[in-house]
Each structure stands twice: as structure tokens, then as C-alpha cells.
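I am opening these notes to keep track of what I look up, beginning with the chain as a whole and then turning to particular places in it.

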Amino acid sequence: METTAQHPIQDLLKTHFGYETFLPNQEEIIKNVFDQKDTIAIMPTGGGKSLCFQLPALALEGTTMVISPLIALMKDQVDALKANGISAEFFNSSQPYEEQQQVLKNLQNGDLKLLYVAPESLPQLNFILNSIKVSLFAVDEAHCISSWGHDFRPAYTQLKSLKEQFPNVPLIALTATADRATREDIATQLSIPEAKTFIASFDRPNLYLDVRPGQNRNKQILDFLKNHSDESGIIYCLSRKSTEKLAATLKTKGYKAEAYHAGLTSEERNTVQDNFLNDRTPIIVATIAFGMGIDKSNVRWVIHYNMPKNIDGYYQEIGRSGRDGLPAHTILFYSFADVIMLRKFAEGSETETYQLAKLERMQQFAEALSCRRKALLGYFGEHITEDCGNCDICKTPPKYFDGTLIAQKVCSAVARLQEQEALGMVLDVLRGSQNAQVYDKGYQKIKTFGAAKDISWRDLQQYVIQLLNQGVLQIYFHENGRLLLTPLAKKVLFEGKKVRLANIIKEVEKVKTERAP
Ligand code: ADP
Ligand code: ZN
């Protein structure tokens, strides 16, 4: 393409953004966009998604339309672009009328390289968009279009017709939500079935992953802080009240800590946030309202006082530490009381089944008996074969036995069930259960029926969960959470890959006896 020849993307990267090299996948994504192809870009938070449309916007002829649900962050992004000498504006309902009119005029005159717009406001621009050259549509936070997702925005459904209206304008959808179902839903909803999907690695090897039983959390936190007294960190709590209580406790022990939650005035919140960013208050005790859009590189630790409601949230929150690439410590306190409370929150919601399935997966992660990083990355569809060496389990592993045969049986059953069934049915088939659901579907006839009848239901269930945590299996969260085989499963089935399992019941008993006074 002519424009790229004039401005090799490497030059643009340097002159307009001041970077020497691309982050993983950025270059490939940008090239795909230059080829006028539709793109789905999946990158973890901080992975550098913005550049994937900002750089093409500069080089392509016309205006790039950026659709973003985060009105609060639009101004910051536009200001940053302007500071780099790039003509950009935003258009949303929070703007005064005159300002809106000025933006429309600039758009009409072709003066803008980028226009950020809220999905609700897009219809207002329709008329102009049909009369100007649009170089690219960038749909940021694209998971918001999936009604399955954790962040569904009804206004995003309007984007369904974009491709129909502008068939010749390339579209890039960006998100940090990587599960396969959401990915597929994005392609369907945006009518870009042919889009090339790029998935950047979600691994953050410098984060130490630590999961601990939730007993005596306060004492455990105080002990931890003794060795981390000068460092910046965030403690996430479930309720506003507990943020204040814990912040007060820390203060009485001489730590500089402040609470942050949505119940504070915006002025108070800004002050707390500023104090944190400028290292005046090193410790923030917050609800998950804290952190969105915060780019502080030297957060050295994140503690989850309560278990998050899903792995997506957990990953986002621990990801706020160690952005500078230096070692950072994360601790998740796990208690069954939290699980009960989180279940109550999910109940009655429209997406209850989905939310409960995600919660259950979070709980399984917390109970994992194999490398945490394997489990975490497996959840995002990334399957590593080696243990990480930088998590609590790698540091003190349980006793394993050779579970290869069991794993083969389980994988084989999942395969013979065409990856259509959820955990319960897979267990029933493996154990040869004589129940109506099994017979209705004719599963008593498949080869693996009863292949694991010598193992108790409870043990077998635990083994399958361990296979999930090891990334051998994966859950398709939509459609009742059916089990899928991953590339590792194929290695187990066909290449003799060895699998280690632990006997969870024995492990739990061991922990109990260790703790007994
Ligand atoms: P995301 O939207 O994926 O969370 P951003 O686009 O906000 O990520 O980028 C995260 C950070 O990485 C920003 O501070 C951005 O300036 C920086 N960044 C983006 N691309 C590069 C690059 N090629 N080299 C270095 N830093 C980059
Ligand atoms: Zn590990």
C-alpha cells in the first residue's frame, strides 16, 4: 500500500509514539489492518492494544472511528494523542452541544485522523460517515458485544450493522477477554467471520502467584508487609466496609494506607488515586472499582483479601502489579465463605448459570494442585507444557502419582462425546452410570462407558478438575459449560504425554492434620 511505503510502520512507531520496537503481535496486527483485512486482536491489559489502531490511523487515508464504551477514559486518550501531534477528538453525550458541533464539523471536513465515539452516539454520525472517507473501524472492548460476556453493553448491539453499512472499511475488534466462546461471539456479532484472530500471550512471568487459605488474613497480611514495607501495593476486598476496616487496621499498625471504593466522592477518589500514583500512599485497600486505567509501573504486590468472582477479574487485578517487569508478589486468600457470598451475588442474575460456572472455575483454580500459571493461562486458551517455578504449588508441590491412564480415559470420553457434554455427564459416562440422561442419549453404547468405574465419583471429579487446571481440558462457558479438548489433550491421547495427578482428598486431610494444634 502506498501510504505504508511512504511511512514504513517502524518509522511511524518511532516518530509518533517514541517506541523502538513493537510489543508482541502489534506488528502482525497492524500489517493485517494495512492489508484491509478484518482483525480480532486479543491482548492482555497493558499489551498495547491502542497502538494497533492508532498507528494505522495515521498512515491510512481518511478517519479512523474508535468505538469505546469508556467515556471517562476517552478524554485522556485523545489528550495523549494530541500531545503526540495527532489530530484526534471524541464525541459522546457528556460533551456540551457547541463542542459536539465543532467535532462534527472537523469530521465532515476530514480534519481528524481519529474520532473516539461511544456506541450510543454512533447513529448521530451516520449521515456524515456516509459522506467521508472512513479508514478503519476500531471496536475497543469488543467483548461488550457478547451478551454472554461479563460486561455486556446493549448499545454495542448497534455495531452489528457496521459491516453491512460499510462493507469496504476494515474493522478491528480489540479485547482482553480471550475465552474461545467470547472470541467466536465477537466474530459472529460483528459479522466478520473471516477475521484473522491474533492472541498475544497472557503470561506475566514476573508475577509470583500465591494462593493461601483465608484463615487469619489480617495477621498474614501484617506478616507479609513486614518484609515489604517500602513497596507499593493494592489489597482488593469485596465490600466497601471491609476496605475501610482493613485500611484503619493497617494505619493503627503504622502503615500508610487508604481505602478506595465507589462510595467516596469523585474528589476523594481522585485524591486517593493521586496519592497512590505519586507514592505518597503506598498501600491502597480497595474494591474492584480501583485500578481501571491506572498505569503505575512499580506496584510490587497485589493481595486479594477475598476471592474474585472469576478468573478474568483475578487476572486483571494481579496484572496491575509488576508492569515494569520486575518481580511482584500476588496473594489470593481463599475461603469457602467467600464462595458462598459470591454465589449469592450471582443468583437471580440474567446470566446466573454463566456467572456460577465462572465462579466455580475460579474456585477450582484456588484449589489447584498443579502449577497455578498453567491453570491461569489454560483458562485463557494458552497451553504451556512446563511448570512455571514461580508459584506456590511449584514451590511446594503435593505428592503426585502417574495419572496418565486416567487422563487418557477422560480425554477419550470427552472426544467420544464430541466435546458436547459438561463435567457431570462426562463423569457419568466414565463411571458407567445407569441413569436416564445417559440412556436417552445412547451414551451407554460408547466405548469409554464405564472405563473408570473403579474410581469413586468424587475422586474422578477431582481428577477431571485437575486436568482442567493443567490445561488438558477446557470449559466452553456458554452452552452449559461443555468440556473441550486442548492441544495438550491431543498429546495425552496420541503422543503418550505423561500426566501427574494428586489425590486431593489425601492432600486436604494432610493440610488439616498439619494445621491441627
Ligand atoms: P491496552 O489497551 O492493551 O491495555 P495500551 O494500549 O494502553 O494497552 O498500552 C499499554 C502501555 O504500553 C501504554 O503505556 C503504551 O504507551 C505502552 N506501549 C504500547 N505500545 C508500545 C511499544 N511498542 N513499546 C513500548 N510501549 C508500548
Ligand atoms: Zn507454577
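**Notes on the chain, a helix and a ligand**

I began with the contacts in this predicted model: among those in the chain between residues at least 6 apart in sequence, 73% join residues at least 24 apart. I then looked up burial and noted that 43% of the 517 residues of the chain count as buried.

For the secondary structure I wrote down 23 helices and 17 strands. For the overall extent, I found that the C-alpha trace spans about 75 × 65 × 45 Å along its principal axes.

Next I turned to helix H3, residues 26-34, where I listed Gln26, Ile29, Ile30, Asn32 and Val33 as buried. These residues lie on the same side of H3, because they cover an arc of only 160° around the axis. When I asked what covers the buried residues of H3, I found that the cover includes helices H2 and H4 together with strands S1, S5, S6 and S7. Just after H3, I noted that glutamine 36 takes a positive phi of about 65°.

My last entry concerns ligand 1, which has 13 residues around it, and of these Tyr19, Gly47, Gly48, Lys49 and Ser50 come nearest. Helix H4, residues 49-59, gives the largest share of this shell, with 3 residues. Sorted by class, I recorded the shell around ligand 1 as 5 nonpolar, 6 polar and 2 charged residues.

How values were computed
Residues numbered from 1 in each chain as written. Chains lettered and ligands numbered in written order. Predicted model: local features only at pLDDT ≥ 70, side-chain atom pairs only at ≥ 80, totals over all residues. Near = placed C-beta within 6 Å. Helix = DSSP H or I, 4+ residues; strand = E, 2+ residues; numbered from the N terminus. Nonpolar A, V, L, I, M, F, W, Y, C, P; charged D, E, K, R; others polar. Buried ≥ 20, exposed ≤ 12 C-beta atoms within 10 Å, placed from the backbone. Arc of directions from axis to C-beta. Contact = placed C-beta atoms within 7 Å.
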